[in-house]
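Below is a short report on one protein chain. Have the sequence and the 3D view open while reading.

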Amino acid sequence: SIDLMERAAQALTDAIVERWSDHNTPLIVFAGPGNNGGDALAVARLLALRGYRPEVYLFNPQNRLSADCQANRDRLMKTEGASFHEVATQFAPPSLTAEHVVIDGLFGSGLNKPLSGGFAAVVKYINASPAQVVAIDVPSGLMGEDNSYNIPAHIIRADLTLSLQLPKLAFLFAENE
């Protein structure tokens, strides 16, 4: 699974670099504790290896990461060029401007309930910013299929979604535009 994640991260990184080729583009990566977060951490590492300087926030309030997320956390911490912050309790958010590109790797297609608490607050913060937002696989907070009981304000409003494998059913409904 870690090799599959690495190949996905390589494709994601290629797409990001193609769109934002300036190595001085300020990149902020928000990673969650699951495999979507592992993807985001791998992308941050690959971006740093290409000369970018991503600022990375790993949200780990339960002190429990998926195995692949942990592996990519360890790899990232050995990589120069990335600024890494692990958030367990208090989060001091970075200032987000129109020049920033936010990479959303908080939650992926496995999400099955609306976001709440601190994660909902982070999503609202990102959505309120003028930054461009790139979602990995699916915007955090959006469930892969039925969102009829979801909270729209707790879903990332991505400018670009880099979906893995195939488009998610939720992408085909107008209310999720």
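The report covers helices, pockets and selected residues.

This is a predicted model.

## Helix 4

Helix 4 runs over residues 117-128. How far apart are its end C-alpha atoms? They are 17 Å apart. At 1.5 Å a residue, the 12 residues should span 16 Å, so the two values agree.

The buried residues of helix 4 are Phe 119, Ala 120, Val 122, Val 123, Ile 126 and Asn 127. They cover an arc of only 160° around the axis, which puts them on the same side of helix 4. The face turned away from that buried side carries Gly 117, Gly 118 and Ala 128, which are exposed.

What covers the buried residues of helix 4? The cover includes strand 1 (27-31), strand 2 (55-59), strand 4 (101-105) and strand 5 (132-136).

## Helix 3

Helix 3 spans residues 67-77. Its buried residues are Asp 68, Cys 69, Asn 72, Arg 73 and Leu 76. The arc they cover around the axis is only 140°, so they lie on the same side of helix 3.

These buried residues pack against helix 1 (2-19) and helix 2 (35-49). They also pack against strand 2 and strand 3 (83-87).

## The largest pocket

The largest pocket holds about 680 Å³ of space. Its lining has 27 residues. Nearest its centre lie Asn 35, Asn 36, Gly 108, Ser 109 and Gly 110.

Which element supplies the largest share of this lining? Helix 2 does, with four residues. Helix 1 and helix 2 each contribute at least two residues. By class, the lining has 12 nonpolar, 10 polar and five charged residues.

Asn 36, one of the residues nearest the centre of the largest pocket, is in helix 2. Is Asn 36 buried or exposed? Its relative accessible area is 8%. Buried means under 20%, so Asn 36 counts as buried.

Ala 9 is 27 residues from Asn 36 along the chain, and their C-alpha atoms are separated by 10 Å.

## The second largest pocket

About 450 Å³ of space lies in the second largest pocket. It is lined by 19 residues. The closest to its centre are Leu 142, Ile 155, Glu 175, Asn 176 and Glu 177. The lining divides into nine nonpolar, five polar and five charged residues.

Ile 155, one of the residues closest to that centre, sits in the loop between strand 5 and strand 6. Ile 155 is buried, with a relative accessible area of 12%.

Ile 155 and Val 133 are 22 residues apart in sequence, with 12 Å between their C-alpha atoms.

## Glu 55

Glu 55 belongs to strand 2. It is partly exposed, at 24% relative accessible area. Leaving aside neighbours within four places in sequence, Glu 55 is in contact with Leu 27, Ile 28, Val 29, Ser 83, His 85 and Pro 94. Glu 55 and Ala 174 are 119 residues apart in sequence, and their C-alpha atoms are 33 Å apart in space.

## Positive phi

Where do Asn 63 and Gln 165 lie? Asn 63 is found in the loop between strand 2 and helix 3. Gln 165 is found in the segment after strand 6 (160-162). Asn 63 has a positive phi, near 55°, in a residue other than glycine. Gln 165 is not a glycine either, and its phi is positive at about 70°. Asn 63 counts as exposed, and Gln 165 is exposed too.

## Accessibility at a glance

| Residue | Relative accessible area | State |
|---|---|---|
| Asn 36 | 8% | buried |
| Ile 155 | 12% | buried |
| Glu 55 | 24% | partly exposed |
| Asn 63 | 66% | exposed |
| Gln 165 | 84% | exposed |

Key:
Residues are numbered from 1 along each chain as its sequence is written. This is a predicted model: local features need pLDDT of at least 70, side-chain atom pairs count only at pLDDT 80 or more; totals for chains, interfaces and linings use all residues. Side-chain values use heavy atoms; hydrogens and water are left out. The expected span of a helix is 1.5 Å times one less than its number of residues. Buried means under 20% relative accessible area, exposed over 50%, partly exposed in between (1.4 Å probe, protein chains only). The arc is that of the directions from the helix axis to the C-beta atoms. Contact means heavy atoms within 4.5 Å. On a 1 Å grid over the protein atoms alone, a cavity is a set of points where a 1.4 Å probe fits but cannot get out, and a pocket is an open set with protein on both sides within 12 Å along at least five of seven lines; lining residues have an atom within 4 Å of a point. Grid points are joined across faces, edges and corners, and a volume is the space filled by probe spheres set on the points. Ala, Val, Leu, Ile, Met, Phe, Trp, Tyr, Cys and Pro count as nonpolar, Asp, Glu, Lys and Arg as charged, and the others, Gly among them, as polar.
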